[in-house]
Structure formats: structure tokens, C-alpha cells
Amino acid sequence: MKLPRRQFLHLAAGAAALPAVSRFAWAQTYPTRPVRIVVGLPAGGNQDVIARLIAPWLSERLGQQIIIDNHPSASNNIAAEAVIRSPPDGYTLLLVGSYNAINASLYDKLGFDFVRDTAPVASLIRAPSVLVVNPSVPAKTVPEFIAYAKANPGKLNMASAGSGTPPHIAGELFKMMSGINMLHVPYRGGGPALIDLLGGQVQVLFGGLPASIEHIRAGKLRALAVTTAERSPALPDIPTVTTFVPGYEIVERLNREINAILADPVTKARLAAFGGTELALSPADFGKLIADETEKWGKVIRAASIKPE
């Protein structure tokens, strides 16, 4: 049986997991041939690392070869469209990340509607970004880094995986909130950006942790901070950006605190007294609920031709 929409694997880079593909009726014989996972970025980046990590395990469980197809493109758009146009039979998957959500607003004209034209299969990982510098940068902490940038205008080049990608946006937010200036150097993917950071051609990167963590552990890169509200268990000694730049990451903090309140038995009891139950969601799941509700009630309003008085 063919699937009603194209399939993709979801790389949760700052987004919560999407539901698995349990609602689809898979043929008993699937798969009967190799399955291709399209990665719309060059080799060596975070998405490529994750794809190659899961491929052997998935191959073993499915009994078929899993082929990783690096298809560098305009922030994943070309790769996404290629997968969307492919036969919807489950043999072409797309590894996606937060840039796919960003692209919907960043690009005026796309040949597809990503939410409408794809079907979520499974989430893989949520990993923080990390502010890393080449060891040639003398700063050992975020305050030292900010002071160095202010004292040396024009000396710091900030790499990214491309204009409008999460590393670029994270860096721009840091620049605005810290009051420093760095030259943005966009690359065609996180892999090439990381290579030049290691080589010293650029000095700064707000990169994904999966691709950079081994270089950090080996001392080839210096981690100054992670971008999440809490420290990463993988780098417990590295502080958060928001420790030094308050407000840099506020959504996660608010979500965590509100959900903690909702988990409290006293809160649950008081909500129950009002006839309700707690609804503890991640920011991404809450956003999905809003989108779903907007679509549902929009259909009703349009069908009934309801107009405001």
C-alpha cells in the first residue's frame, strides 16, 4: 500500500519529537529493497553524523541496506523538494531539522508546503548548539569572549552552515544581545564550516554538538557555552549562554518551570476542581497543537461562512 504522503525522519534540533508513523498501513513485505535517507547538507555536519549513526541499526532491523544520500542544497530546500516529488512508497526518507521550519518563512517562493507534503515518521535527537571558538581566540569564557570582540572589532569571523540556518540565527541573536559585531561567513553546510573553524580560517561557530563534540574533547576547539537553558550532560562543565547573556534562551526555561508547576499534586488537584486536567507540552508540541486547532476551526469557519460582526 502506498503511503498518502512522503516520508521523513525528523531531526529534533530544538524541536520536540513528532508522532511516529503508526497510522500508516505498511505492507507486510516492506522493505524489499534498499531504503535511501536523503541528507540535504554536506558530509561532516550534524545531520550527516546522525544519519550515519542510525543507518547500520536501521539496516539491521529492516533487513535492507540503508543508503545515505548527501544532497547539499539551498538550506535543504532542494533535497526536500526532491524527496517530496519522489514516489510516496517509503523508500525515500528525508532527514530534517529546525531549518526546515525556518525555511517556510525565510523563502518567499517554495515549490512545496513542507507540513502538507510530508508525513512525519520518527524523531531522532534533540541536541543543543554550542558556542565554539578556534583555540587561537584567547577568550576562555563568554564574558572574556564578549570583551575580546568589543576590543577587537573586525577580527572575529563567525561561520555558519548558510544564511538563515540555525547556526546563523543563533549567532545573530548572540550578537544583538551582547552588543558585539562579528563578520558572518556562510558556508554550504555545517561540515565545511567546521573544517575552516578547525583550520583557523574562521574563529567562531554556533554549531550543533554532535559534529563538534569530539573536537572539543580533543582540545581542537574550545567550547564556551551551550545555547540551551540547562547545561548539556555531555559537557557538564560548559555553562549556558544565558548565564552570561540573560534572556538568550527563555522559552525552554519558562516551559520547564510551567510544566513543573503542572506536575505538582496540589496544582493538579486545583485544576481538577475546576473540571480540567493539566496539559504539559513541549514548546514544539504546543505549537503543533495551535497549528492543528487553527486548521480545524478554520475549516469550520470557512464551511459555515462565518464572518465577524
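Trainee: Why is Asp48 called buried?
Mentor: Buried means under 20% relative accessible area, exposed over 50%, and partly exposed in between, with a 1.4 Å probe and protein chains only. Asp48 has 5% relative accessibility, so Asp48 counts as buried. A word on the source: this is a predicted model, where local features need pLDDT of at least 70, side-chain atom pairs count only at pLDDT 80 or more, and totals for chains, interfaces and linings use all residues. Residues are numbered from 1 along each chain as its sequence is written, and side-chain values use heavy atoms, leaving out hydrogens and water.

Trainee: What makes Asp48 and Arg52 a salt bridge?
Mentor: The term asks for a side-chain nitrogen of Lys or Arg within 4 Å of a carboxyl oxygen of Asp or Glu. For Arg52 and Asp48 the closest N and O atoms are 2.8 Å apart, and the pair forms a salt bridge. Both lie in helix H1 (residues 46-62), 4 residues apart, about one turn of the helix. Helices (H or I, at least four residues) and strands (E, at least two) are DSSP runs, numbered from the N terminus.

Trainee: Why is Arg52 called partly exposed?
Mentor: Arg52 has 42% relative accessibility, so Arg52 counts as partly exposed.

Trainee: How many salt bridges are there by this rule?
Mentor: The count comes to 6. One of them joins the side chains of Arg36 and Asp69, at 2.5 Å from N to O. That pair links distant parts of the chain: Arg36 sits in strand S2 (residues 35-39) and Asp69 in strand S3 (residues 66-70), 33 residues apart.

Trainee: Are Arg36 and Asp69 buried, exposed or partly exposed?
Mentor: Arg36 is at 31% relative accessibility, so Arg36 counts as partly exposed. Asp69 is partly exposed too, at 23%.

Trainee: What makes a nonpolar core?
Mentor: A nonpolar core is a set of buried Ala, Val, Leu, Ile, Met, Phe, Trp, Tyr and Cys residues joined through side-chain atoms within 4.5 Å. The largest one here has 21 residues, and Val142, Phe145, Phe174, Met182, Val204 and Phe206 touch the most other members. Helix H5 gives the largest share, 4 residues. A second, separate core of 18 residues includes Val132, Val202, Leu205 and Ile238.

Trainee: Which residues does Phe206 touch?
Mentor: Contact means heavy atoms within 4.5 Å. Not counting residues up to four places away in sequence, the partners of Phe206 include Ser129, Met158, Phe174, Met182 and Tyr248.
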